[in-house]
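Student: I have a new structure to learn. Can we go through it by asking what backs each description?

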Amino acid sequence: MNFGAAFGRIAIMAALLLPVAGPQSPAEAGSGLDWRADVTPRPEGSRRRRHHRVMVDLPKPPFAIDRRLLPHDRGVRAYGEPYLGPIIDIELHLNTRGHRDTSLAELGEIAAGLRASGVEKALFMPTPNEGRRRRNEKRRRHRKLLAEIGGKSIGLMCCGHYVGQWLHQAYYDTYTEESLDRLLTRLAADLDSGLYAGVGEIALYHFDKNGRQAIIRYPPNFEPFLKVVGLVASRGLWLLLHAESIDPKGVSYEDQVFGGIELIYRRHPDLKLIIAHTATTNPDNLRRMLERYPNLMADFKLVKRVANWHHTEPVSNADRRLHEDWARLFEAMPRRFMVGTDSKFFRRRFDVAKYQRKIARYRKVLGGLKPRAARLIAYENAKRILSPGGDAK
Ligand SMILES: [Zn+2]
């Protein structure tokens with residue numbers, strides 16, 4: 001063998017083994033990297049950092065998974081007389097990126113519109129993909145301004161954008177111990193600031209549902225993810241997690257998601273976890289999760305574009321009427337569900353008038369439930385869990 005060629009090969013192998021620093025901030029995460037590569041991410045598997053295993057053993061799902069995808073034309077619960085009590089909406093976003101010169105007046109209109117809808121409190125947070133873009137700090141500033149304008153009626157969750165992006169990138173590109181330390185230090189500072197109810201919306205599996213979304217995908221047994229979860233658990237704050245268990249092509253991640261939730265709760269039985277969008281699975285699976293994990297809560301959203309969301313088991317049909325099986329689960333476990341409209345102000349001209357129409361529809365849906373369940377789901381559960389020391393129980 002040619003000596004020079006052999007040496008070259010060794011150099012290439014050494015370069016492959018060398019860790020590459022992960023992103024240090026969302027601003028850096030957005031620069032110089034081809035995020036389009038994420039459209040077809042490399043397969044999941046065993047990852048190592050140099051001499052260090054970074055994958056934890058994933059337990060098997062602790063229950064028999066119901067792997068059916070339910071038909072959208074199944075039975076629905078009729079609307080009732082609108083629920084007229086107070087509402088707390090625990091999942092909203094501000095999408096001011098494509099919106100020029102967001103003014104204090106516009107933010108004031110949002111706060112006033114929420115109040116006029118009878119939404120006593122609204123929890124704003126970044127979307128999982130927010131950290132992809134440069135200049136995403138703008139939205140964080142706008143959320144803070146909104147909270148200042150809205151006072152007690154606006155709550156905030158933080159960090160989901162930079163944490164989720166860091167994890168996704170670290171999983172596919174590797175990372176250094178120092179960059180992980182920087183991430184955890186930044187997260188700890190945010191959590192200890194007293195400004196936030198917790199961390200959200202963070203994504204494990206976030207697929208492309210409308211042809212325009214960037215994909216976030218890493219398994220829950222990736223050690224840095226578990227460190228993030230442990231940090232949130234240590235502070236007694238809430239984690240709002242988006243984890244799709246089936247992708248739009250029908251590929252199942254159910255073993256990873258359900259095994260991952262089991263892994264998280266084995267390590268942190270007291271973790272306060274909100275699983276977004278009714279866990280994007282069918283009511284049988286969510287019921288089993290809620291029975292098994294007493295600190296787990298779920299938020300629900302009415303989905304209009306069921307074609308985009310077909311693999312995520314929306315609770316509603318395209319007319320935004322609640323499927324009967326979901327209505328029954330809501331009534332059977334009324335202390336475990338909350339309203340999370342997932343509204344994105346300023347995106348595609350979504351404004352206060354549209355939000356008010358949306359809330360009117362939620363009131364009709366809630367009105368179809370037993371009154372006690374409706375009040376818990378609309379208001380009391382969120383009030384309880386967001387109060388100091390509040391939990392699912
Ligand atoms: Zn989500």
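Student: Which residue in S9 does Gly 198 stand opposite?

Tutor: Gly 198 stands opposite Trp 238. Keep in mind that this is a predicted model.

Student: What makes S7 and S9 a pair?

Tutor: Pairing needs at least two bridges between the strands. Strand S7 (residues 198-206) and S9 have five bridges, in the parallel sense. The strands therefore count as paired.

Student: How do you know that S9 pairs with S10?

Tutor: Four bridges join S9 to strand S10 (residues 272-275), and the two run parallel. At least two are needed, so this is a pair. Within it, Leu 240 stands opposite Ile 274.

Student: Why is S9 called largely enclosed?

Tutor: A residue is buried if 20 or more other C-beta atoms lie within 10 Å of its own. Six of the six residues of S9 (residues 238-243) are buried, so the rest of the structure largely encloses the strand. Side chains in a regular strand alternate between the two faces of the sheet. Here both faces are covered: Trp 238, Leu 240 and His 242 are buried on one side, Leu 239, Leu 241 and Ala 243 on the other.

How values were computed: Residues are numbered from 1 along each chain as its sequence is written. This is a predicted model: local features need pLDDT of at least 70, side-chain atom pairs count only at pLDDT 80 or more; totals for chains, interfaces and linings use all residues. A residue is buried if 20 or more other C-beta atoms lie within 10 Å of its own, exposed if 12 or fewer, and partly exposed in between; C-beta atoms are placed from the backbone.
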